[in-house]
Amino acid sequence: MKYRVKLYNSPQKTIKLASGGSKTMMFAATTLHRLSQPYVPASQSNVLYRNVLLTSDDKKGYIYYRSPYARFQWYGVVMIGQESRSPYAKRGEKKITTSKALVYKKPTATKQWTEAAKKERGKDLIAAVQKYIKRG
């Protein structure tokens, strides 16, 4: 027997329907945030890790680190005020990067921590999302 299948939806819409759309993307973002925890530079109170906004749409999950110094930590280099040339820039002053790398006290901390988590724990992330989709 031969079967012919016609797809009436675009591949993106088919994937969206199969994956559950924004709820699945939110689950993926939440899981990635949890898996990233060991790689996030941290003070004793874990402010950077805890001050986060998780959102999603049908295509992606988003993790916004909202601490004032999050960008500084994300790039892993010292940033200074464009005019003051100090790491303690004036209010509203634009910061620029330098070539000096940050040194993290936490042994597993790294710049671009979600990328590090995806590299190290990507299989765990995929397995969790697949399990979530199967549960419905």
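Select Ser 67 to begin: its relative accessibility is 5%, so Ser 67 counts as buried, where buried means under 20% relative accessible area, exposed means over 50% and partly exposed lies in between, with a 1.4 Å probe and protein chains only. What you have open is a predicted model, in which local features need pLDDT of at least 70 and side-chain atom pairs count only at pLDDT 80 or more, while totals for chains, interfaces and linings use all residues. Residues are numbered from 1 along each chain as its sequence is written, and side-chain values use heavy atoms, with hydrogens and water left out.

**Around Ser 67.** Ser 67 sits in the loop between β2 and α4; helices (H or I, at least four residues) and strands (E, at least two) are DSSP runs, numbered from the N terminus. Leaving aside neighbours within four places in sequence, Ser 67 is in contact (heavy atoms within 4.5 Å) with Val 47, Leu 48 and Asn 51.

**The nonpolar cores.** Leu 48 leads on to the largest nonpolar core, which has 14 residues, and Leu 48 is among those with the most contacts inside it, together with Tyr 39, Val 40, Tyr 65, Trp 113 and Leu 125. A core here is a set of buried Ala, Val, Leu, Ile, Met, Phe, Trp, Tyr and Cys residues joined through side-chain atoms within 4.5 Å. Helices α2, α3 (47-50) and α5 each supply at least two residues of this core, and its largest share, five residues, comes from α5. A second, separate core of five residues includes Phe 72, Val 78, Ile 80 and Leu 102.

Now select Leu 125, which touches Ala 28, Thr 31, Leu 32 and Leu 35, not counting residues up to four places away in sequence. Thr 31 lies in helix α2 and, at 4% relative accessibility, counts as buried; beyond its neighbours within four places in sequence, Thr 31 is in contact with Leu 125 and Ala 128.

**Strand β1.** Move to Thr 55 in strand β1 (residues 52-56), which at 27% relative accessibility counts as partly exposed. Its C-alpha atom is separated by 7.7 Å from that of Ala 29, 26 residues apart along the chain.

The largest pocket has a volume of about 320 Å³, and of the 16 residues that line it, the closest to its centre are Leu 32, Gly 61, Tyr 62, Ile 63 and Thr 114. On a 1 Å grid over the protein atoms alone, a pocket is an open set of points where a 1.4 Å probe fits, with protein on both sides within 12 Å along at least five of seven lines, and lining residues have an atom within 4 Å of a point. β2 gives the most to this lining, with five residues, and the lining as a whole divides into eleven nonpolar, two polar and three charged residues.

Finish at the second largest pocket, which holds about 250 Å³ of space and whose lining includes Leu 48, Tyr 69, Gln 73 and Leu 102.

How values were computed. Points joined across faces, edges and corners; volume = space filled by probe spheres on them. Nonpolar A, V, L, I, M, F, W, Y, C, P; charged D, E, K, R; others polar.
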